[in-house]
Amino acid sequence: MKDKLEDAQRSLAESFQSLFEEQELFARVIECFPYPIQIFSLDGTARMINKAALNMIGIKSVESHVGKYNVFEDPIVRELGVVDQVRQVLTGKTVYLTDFNAPYQDMIRYFDVKDRDIQTISSDITCFPLVNADGAVEYFVAVFIFESFA
Amino acid sequence: MGNSIEDRQNDIVESFQTLFGNEELLARVIDCFPYPIQIYAPDGTSVLVNKAMLTEYNAISPDMVVGKYNVFKDPDVIATGQLHALKRAFSGETVFFPDVRVPLEGIAERYGIQDFDVEAVYQDITVFPILDDEKRVIYVAAVLINRRVYRGKDEIEKGKEYIESHWLERFDLGKTAKAAGLSKAHFTKLFKKHTGITPHEYYVNYKISKLKEKLLDTNLTIAQAFAACNMNYSGHFARVFKDKTGVSPSAYRKMLG
């Protein structure tokens, strides 16, 4: 069973390489991804944000967010009491946050986001680690899962 | 304006490139993504599956899927009558298929899987195009997110599955018990023994949970949120909502706003 799984993983890695080796497609997949995605370094600093996340949060520019925003210092995340839960991702676990409700007026107050007539940003959030070949967590990813796109 | 959108897109692409320098780490995001992802060529042939997809289907090898599976030729997909909608994604549109029952039997037969350890799975499937710089569809990706998973082959799970698939309709104990393969009396007794509540209470709780989701959508009035759940705002369910949550629907909305 273990061999079968290893073979499957090896052949999966090869299929990734053969498809994408000479193409810059992974960035494109994430850029086109309809669910908002952010990648953070281990200290919680935003390192990448996709288009869907920019639109959902109302962030005015990539530069105003990437390298500046820190999820562990976000007063809204702190107020919702989920910092410790998010930190679990640093141990290599996938963390599922359900019914995350961020009041938009607070976001306007704390961050340089667009002034929109929205009360709350509501979503489930899944945080998962990106581990290197040695099994160490290098980054973590947050993906916002909506009930629908309607 | 056109330029500012293009600038923003370039910023995003650059933020990827600056961070990662190579494609390997971005590949890892897709590969480690905790939900199944499959990427198709424009003709519908699978060109990539991630680890979560393989785990979902009991560690089948990508060789069994990549280059062989074609979504347009899948009899289970054809049987859903959704091919036309699916083709929209291959024409450049993001298409959302909510609450799709996964055809476990067809998958088991196709890949020679002995037995899934689940009875039924319902997924939200989002199919979206991957575009090149000229906005042409070069690939299409599908993300599959499990919404309801029923483990164990018992009657309770079948009853729950029936209720969660028919929550917009009036509660019908006879039909629910029939879906579980039991008489009404036996099913009610067994359900209460295992869950602590009656099937009707389970139905009401499920309906209220759906109403809570709708109330979070500020594009809807409270009456529209009720209507979307097939309930009357001025009727019985408005009182039930208060009984269950301790606040009125409008207070609930304010509380979260």
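Student: At roughly what angle do the axes of H7(B) and H9(B) cross?

Tutor: In this predicted model, the axes of H7(B) and H9(B) come within 10 Å of each other. An angle of 65 to 115 degrees counts as roughly perpendicular, and H7(B) is therefore roughly perpendicular to H9(B). The crossing angle itself is roughly 95 degrees.

Student: Which residues of H9(B) meet H7(B), and how do the residues of this contact divide by class?

Tutor: From H7(B), the residues Glu155(B), Ile156(B) and Gly159(B) take part, and they meet Phe187(B), Leu190(B), Phe191(B), His194(B) and Thr195(B) in H9(B). Divided by class, the residues of the contact between H7(B) and H9(B) are 4 nonpolar, 3 polar and 1 charged.

Student: Why do the buried residues of H8(B) line one face of the helix?

Tutor: Helix H8 of chain B spans residues 173-180, and its buried residues are Thr176(B), Ala177(B) and Ala180(B). An α-helix has 3.6 residues a turn, so residues three or four places apart point the same way. Seen down the axis of H8(B), the buried residues line one face because they fall within an arc of 95 degrees.

Student: Which helices are included in what covers the buried residues of H8(B)?

Tutor: The buried residues in question are Thr176(B), Ala177(B) and Ala180(B). Their cover includes three helices of chain B, namely H7 (155-165), H9 (184-195) and H10 (199-215).

Student: Which residue just after H8(B) takes a positive phi?

Tutor: H8(B) covers residues 173-180. Just after this helix, a positive phi of about 75 degrees is taken by Gly181(B).

Conventions: Residues are numbered from 1 along each chain as its sequence is written. Chains are lettered from A and ligands numbered from 1 in the order in which they are written. This is a predicted model: local features need pLDDT of at least 70, side-chain atom pairs count only at pLDDT 80 or more; totals for chains, interfaces and linings use all residues. A residue is buried if 20 or more other C-beta atoms lie within 10 Å of its own, exposed if 12 or fewer, and partly exposed in between; C-beta atoms are placed from the backbone. Helices (H or I, at least four residues) and strands (E, at least two) are DSSP runs, numbered from the N terminus. The arc is that of the directions from the helix axis to the C-beta atoms. Two residues are in contact if their C-beta atoms, placed from the backbone, lie within 7 Å. Axes are lines fitted to C-alpha atoms, for helices over the stretch in contact, and angles run from 0 to 180 degrees between N-to-C directions. Angles under 35 degrees count as roughly parallel, over 145 as roughly antiparallel, 65 to 115 as roughly perpendicular and the rest as oblique. Ala, Val, Leu, Ile, Met, Phe, Trp, Tyr, Cys and Pro count as nonpolar, Asp, Glu, Lys and Arg as charged, and the others, Gly among them, as polar.
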